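This report describes a two-chain model by its folds, packing and interface. The sequence and structure come first.

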Amino acid sequence: MRPAPILSAFQQALGEAWAGGAGALLPLGFFAGAAVLVPLGIGTDPQTLRAVGPGILWVALALSSLVTLERIFQADTEDGALDLWLQTGAPASAIAGAKTFAHWLAAGLPLALLSPLLALMFQAEASADLLRNAALYGLGGLAFYFWGGVGAALSATVRRGGLLISLIALPLYVPTAIFGALSMTNGPGSESAPLFLAASTLFALAVAPFAMAAALRLAAD
Amino acid sequence: MLRGVTEVLLSATGLGMIRGERVLFTGVSLSVAPGESLVLRGSNGAGKTTLLRILAGLTRPEAGEVVRTGLHHWFAHREGLKPHETPRTHLGLWAKAWGSDSDLDSVLAQMGLKRPADVPARYLSAGQRRRTALGRLLLEKRPIWMLDEPYTALDAEGRELVLELIEDHLKSGGGVVAAIHGESGFVPTNEVVL
């Protein structure tokens, strides 16, 4: 197996995320915007905000991840680069995984880094918990991006496939959303929830690249 | 010397393909040995591109099988260029992806892309985009070249250049499969008419 194509796919996707304007800022704006709107919708009672804050951020994170996913394979399909990536001699699953990981790094990780700030807006106490939660948002976000990548690969040949990606990916987001939200409560099961969250992310990392590869082969066929 | 060269670079037996409800072709068998060229002919919609994609392993045939003994280069209608890529960054990306240590400047010069080397593809002419994509063939020695209408959008000098590249490649023991609609400009070893 030749590792050079995989590394190049990673670097190319990383550059792509920032090329043609600050594309990676779009989900960041969407994430912040969604989080700012919620207090306006449900009122400013600190007790309520503190209770719903972490859950709202999980939902906002899931939706923000879908904002830019449409682009990761669609452009390659349209301009013929997909054909080249499929003929590098490296496994398509590794190429797809590297591209998706780069996309998470450019667009998903900044969301997790912004989360402590948004949590403060939801009346969370400024404590080390904010950083722990940011790490959990990063971990869960990785799963969101990989499942979203499967949706992106499946709809790569569909014009305006953004909505289709959402329909395919959102059901796959369920375990991550459940364990993610649970890991930030004090209820029963919250102790082990981060481990289940990590497990669901690992599952996504292990399975999604093969699903993406199959979908991309179909798109090229 | 080319990597992975044996008696036959590429062979296919009994290829058949259906698109929609139409049989594109059946029973297509072919082979390409070192130094041989194969031209695919046929009218628009006859399935030249589809056959080439099958030979490249991009499309799965309805029947038959393809055996390739080495890596191949792919040059088709869609160049694989992003609007923000320049000839230099595009060739640099693929040189890196293939682990090739080719001198980019000399490849750019050979393709006549010295002047627009740092111009984003969205500002390049169709011919310059084609030349950029053709430059990939020079980044790494690969036994088989698969070319889909290689002359499209090229000027007379560009056609001459492609012809020279093909002849050099054949002389060094490589094989070429090309789908060409009009004049091929060279005498192919074999022809497949669809």
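## Basis

The model is predicted: local features need pLDDT of at least 70, side-chain atom pairs count only at pLDDT 80 or more, and totals for chains, interfaces and linings use all residues. Residues are numbered from 1 along each chain as its sequence is written, and chains are lettered from A, with ligands numbered from 1, in the order in which they are written.

## Chain B: overall fold

Chain B has five helices and eight strands, where helices (H or I, at least four residues) and strands (E, at least two) are DSSP runs numbered from the N terminus. From the N terminus on, their order is β-β-β-α-β-β-α-α-α-β-α-β-β. The radius of gyration of chain B is 17 Å, close to the 16 Å that the globule rule gives for 194 residues, so chain B is as compact as a globular protein of that length. This radius is taken over C-alpha atoms, and the rule is 2.2 Å times the number of residues to the power 0.38. The C-alpha trace spans about 45 × 35 × 30 Å along its principal axes.

Of the 194 residues of chain B, 42% count as buried; a residue is buried if 20 or more other C-beta atoms lie within 10 Å of its own, exposed if 12 or fewer, and partly exposed in between, with C-beta atoms placed from the backbone. Among contacts in chain B between residues at least 6 apart in sequence, 75% join residues at least 24 apart. Two residues are in contact if their C-beta atoms, placed from the backbone, lie within 7 Å.

UniProt, in an unreviewed entry, lists residues 10-194 of chain B as "domain: ABC transporter". Such annotations may be inferred rather than shown by experiment; feature names are shortened, and positions are in the numbering used here. Over residues 10-194 chain B is 29% helix and 27% strand.

## Contact between the chains

Chain A gives 19 residues to the contact and chain B gives 18. On the side of chain A, helix H1 (4-18), helix H4 (71-79) and helix H5 (81-85) each give two or more residues.

Helix H2 (residues 87-97) of chain B has among its buried residues His90(B), Leu91(B) and Trp94(B). The buried residues of H2(B) pack against H1 of chain A together with helix H3 (104-110) and helix H4 (126-135) of chain B. Gly99(B), with a positive phi near 65°, follows H2(B).

For "transmembrane region", the unreviewed UniProt entry lists several segments of chain A, including residues 25-43 and 101-122. Residues 25-43 of chain A are 95% helix, with end C-alpha atoms 28 Å apart. Residues 101-122 of chain A are also 95% helix, and their end C-alpha atoms are 30 Å apart.

In helix H8 (residues 162-172) of chain A, Ile165(A), Ala169(A) and Leu172(A) are buried. They lie on the same side of H8(A) because they cover an arc of only 35° around the axis, the arc being that of the directions from the helix axis to the C-beta atoms. The face turned away from this side carries the exposed residues Leu163(A), Leu167(A) and Pro171(A). Cover for the buried residues of H8(A) includes helix H3 (46-69) and helix H7 (129-154) of chain A.
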